[in-house]
Amino acid sequence: MNVPPRPPLPHGPYLLCDDSLRPELSLVEKAERLLAGGARVLQLRMKHTPPREALAAARAVVARCRQAGALCLLNDRVDLALLADAHGVHVGDEDLPPEAARELLGPGRLVGVTARGTQGALAALAAGADYVGVGPLFGTTTKQVQAPVLGLEAFKRVVAQSPLPVVGIGGVGLANIARVAATGAHGAAVVSDALLAQDIAERVRLLAEAFDRGARGASLETG
Ligand SMILES: Cc1ncc(COP(=O)(O)OP(=O)(O)O)c(N)n1
Ligand SMILES: Cc1ncsc1CCOP(=O)(O)O
Ligand SMILES: [Mg+2]
């Protein structure tokens with residue numbers, strides 16, 4: 001039987017559509033604004049949404065992403081990813097192990113895994129992951145992370161040594177996303193810098209421009 005290949009993870013800003021910020025906006029409204037700014041990959045992160053509401057939001061957000069030609073990944077929730085026909089999931093240490101996520105999702109969807117460094121990235125590859133989310137890259141108040149802040153130099157070493165595409169996360173915003181891209185990172189995950197902006201769509205456009213600028217600088221450097 002032919003299995004459709006899983007979609008490649010787009011380069012650039014990786015936007016989180018999170019239920020803990022901007023409660024005056026629904027998750028669908030947040031997703032629409034992120035997508036209006038050109039988001040190509042969106043992770044739906046629902047830590048405070050009751051299950052039935054979460055399923056409805058997942059279905060609606062996946063539909064908006066598909067209409068826009070963007071990928072939609074579910075944070076933590078393999079069950080919701082399957083029910084909503086999302087493009088994949090992102091799992092960390094407190095979630096289902098990546099092997100189990102892959103077993104449930106099969107080969108046609110993406111599995112992203114949180115890693116703190118190169119060893120974690122090697123383990124993620126062995127577990128069947130497609131990319132790693134590495135952080136916290138900078139200080140952040142969006143999540144209390146039980147791991148030290150990496151900083152750009154250590155992050156750059158992980159990017160160089162990781163066998164999987166690396167998405168940096170934690171404190172990434174317009175002020176530093178070009179420098180994250182210049183490390184050679186595949187992507188940069190952004191939560192508060194985009195969602196707290198007055199004009200979310202415009203912020204996403206600016207983040208993408210800045211990422212491209214940083215990535216071009218990196219490719220000029222490496223020839
Ligand atoms: C792209 C990306 N990288 C890392 C994380 C963090 O995942 P996790 O460690 O499971 O923490 P929560 O987001 O579930 O609180 C992520 N979500 N996305
Ligand atoms: C989910 C997560 N994992 C590591 S840092 C973080 C939150 C990042 O949020 P922000 O982009 O607002 O710093
Ligand atoms: Mg998680």
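Reader: Let's start with the strands. In what order do the eight strands close into a barrel, and is the pairing parallel or antiparallel?

Author: The general idea comes first: strands of a sheet pair through backbone hydrogen bonds, either parallel or antiparallel. In this predicted model, eight strands close up in the order E1-E2-E3-E4-E5-E6-E7-E8, and their pairing is parallel. From one strand to the next, the twist averages 25°.

Reader: Can you zoom in on one pair? How many bridges join strand E4 to strand E5?

Author: Four bridges do the joining, between E4 (residues 88-91) and E5 (residues 110-115), and the two run parallel.

Reader: On to the metal. Which residues coordinate the magnesium ion?

Author: For reading a metal site, keep the ideals in mind: angles are 109.5 degrees for four tetrahedral donors, and 90 or 180 degrees for six octahedral ones. Here the magnesium ion (ligand 3) is coordinated by Asp76 (OD) and Asp95 (OD), at 2.0 to 2.2 Å. The pair links distant parts of the chain, 19 residues apart. Asp76 is in the loop between strand E3 (71-75) and helix H3 (78-83), while Asp95 is in the loop between E4 and helix H4 (98-105).

Reader: Is Asp76 buried or exposed?

Author: Asp76 counts as buried, because its relative accessibility is 17%. Asp95 is partly exposed, with a relative accessible area of 23%.

Reader: What should I look for in the backbone angles?

Author: Most residues other than glycine have a negative phi, and most peptide bonds are trans. Asp76 has a positive phi of about 70° although it is not a glycine. Arg22 also has a positive phi, of about 55°, and is not a glycine either. You'll find Arg22 in the loop between E1 and helix H1 (27-36), where it counts as buried at 17% relative accessibility.

Reader: Where is there a cis peptide bond?

Author: A cis bond joins Gly135 and Pro136, with omega at about 5°. Pro136 has its place in the loop between E6 and H6.

Reader: Next, cysteines. How many disulfides does a search of the whole structure find?

Author: A disulfide is a covalent bond between the sulfur atoms of two cysteines. The search of the whole structure turns up zero.

Reader: Last one: where is Asn2?

Author: Asn2 is in the segment before strand E1 (12-18) and counts as exposed, at 77% relative accessibility. Between Asn2 and Ser20 there are 18 residues in sequence and 40 Å in space, C-alpha to C-alpha.

Technical notes:
Residues are numbered from 1 along each chain as its sequence is written. Chains are lettered from A and ligands numbered from 1 in the order in which they are written. This is a predicted model: local features need pLDDT of at least 70, side-chain atom pairs count only at pLDDT 80 or more; totals for chains, interfaces and linings use all residues. Side-chain values use heavy atoms; hydrogens and water are left out. Two strands pair if DSSP finds at least two bridges between them. Axes are lines fitted to C-alpha atoms, for helices over the stretch in contact, and angles run from 0 to 180 degrees between N-to-C directions. Donors are N, O and S atoms within 2.8 Å of the metal (3.2 Å for Na, K and Ca); water is not among the atoms, so sites may look incomplete. Buried means under 20% relative accessible area, exposed over 50%, partly exposed in between (1.4 Å probe, protein chains only). A disulfide is a pair of cysteine sulfur atoms within 2.5 Å.
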